[in-house]
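Please keep the sequence and the structure in view while reading.

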Amino acid sequence: DPMQEFKIAARNSFVWPWQREFDPTIGGLSFGYVTKQWVSAGGGAQFKENIWGDENKSMHGMQMGLYFTPTLQFGLGLYSGLFYELYISSTDNYDWDPYTLFMEHVLYMPVHAYYRLRLANKAHIAVHGGLGMDLALLGSFSDPDHEYEDFTDFYGQEMFPKRFNLSAEIALELRIINFGIKASYSKGITDHKFYDGAKTKQNKMSIGVAYMFSTGD
C-alpha cells in the first residue's frame, strides 16, 4: 500500500516577552500633571508643606517635554530627556500679604536605567529609575494688585527651597501602539535646609500621557 502522508500544521511556539523583537530606539513627547511637596524631618517629628508653609499641602503644576529611550535588542537601555514644569499657586493666608500669588518655571532632566518588555504586538511596558535633576529658572511671589514688586530673590534662604534639587526616582510606562501612559515618583536627596536641626527634602509625583516615535514596528 502506498504510504499515507498527513500534513499537520505546526503549533505556534510560545515566545516570552523579552524574546519578542521591537524597535531598539524610541523617544516621545510627554504632557502631564506634576505635584511636589517639601518634607522636613528632625527631632523625631515630620512636617510636610507647600511653598506657602501650609501643612500637608502640595504644589501643583504641569509638565511637558521631549524624552528618548535608546535601548538594546533585549530591552535594556537609557531614559533621559528635558522637561519644562510650570507651577502656579495662590494663598488666602494674610501672613503673606500682599504676596498672594506664586509662579515657578523649572527645568527637569531624568537620567534613568530603562527596561522595556514587549507584551504583545504593539503593546509594551517599561520600568525605569535613577536620578532626576530639577533647576528652578525663576520663581516669584507676586502682588495681584501690582502695588509691590515681585519677590524673586529667595532661593536658598532660610525656609525656602534651593534652586537645584536632586532626587532618586522610579517610573512606570505603558505603551499601546504609539500612545503611552506614564507615572513617576521622586524622593529628594538634596537637603534644602528650611529649619535648623532638620533636613528638608523635595518629593515629587507625576502622571501623564505621551506620543512615542517609532523607528520600526
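Q202 counts as buried because its relative accessibility is 5%, where buried means under 20% relative accessible area, exposed over 50%, and partly exposed in between, with a 1.4 Å probe and protein chains only. The model is predicted, so that local features need pLDDT of at least 70 and side-chain atom pairs count only at pLDDT 80 or more, while totals for chains, interfaces and linings use all residues. Residues are numbered from 1 along each chain as its sequence is written, and side-chain values use heavy atoms, with hydrogens and water left out.

Q202 lies in strand β9, which spans residues 199-214; strands (E, at least two residues) and helices (H or I, at least four) are DSSP runs numbered from the N terminus. Apart from neighbours within four places in sequence, the contacts of Q202 include K36, Q37, W38, D134 and N165, contact meaning heavy atoms within 4.5 Å. S186, K187 and G188 are also among the residues that Q202 contacts.

Strand β9 runs antiparallel to β8, and eight bridges join them; two strands pair if DSSP finds at least two bridges between them. Across this pairing, F179 stands opposite Y211 in β9. On strand β8 (residues 179-188) there is also an antiparallel pairing with strand β7 (residues 164-176), over 10 bridges. β7 and β8 form a hairpin with two residues between them, and I177 in the turn has a positive phi of about 55°.

Is G129 buried or partly exposed? G129 counts as partly exposed, because its relative accessibility is 22%. Not counting residues up to four places away in sequence, G129 touches H112, A113, E169 and I170. G129 and S186 are 57 residues apart in sequence, and their C-alpha atoms are 9.5 Å apart in space.

The chain as a whole may now be considered. Its secondary structure comprises zero helices and nine strands. Of the 217 residues in the protein chain, 41% are buried. Among contacts with a separation of 6 or more, 65% are between residues 24 or more positions apart. The protein chain exposes about 12700 Å², of which carbon and sulfur atoms supply 62%; accessible areas come from the Shrake-Rupley method with a 1.4 Å probe, and for residues only the protein chains shown count as cover.
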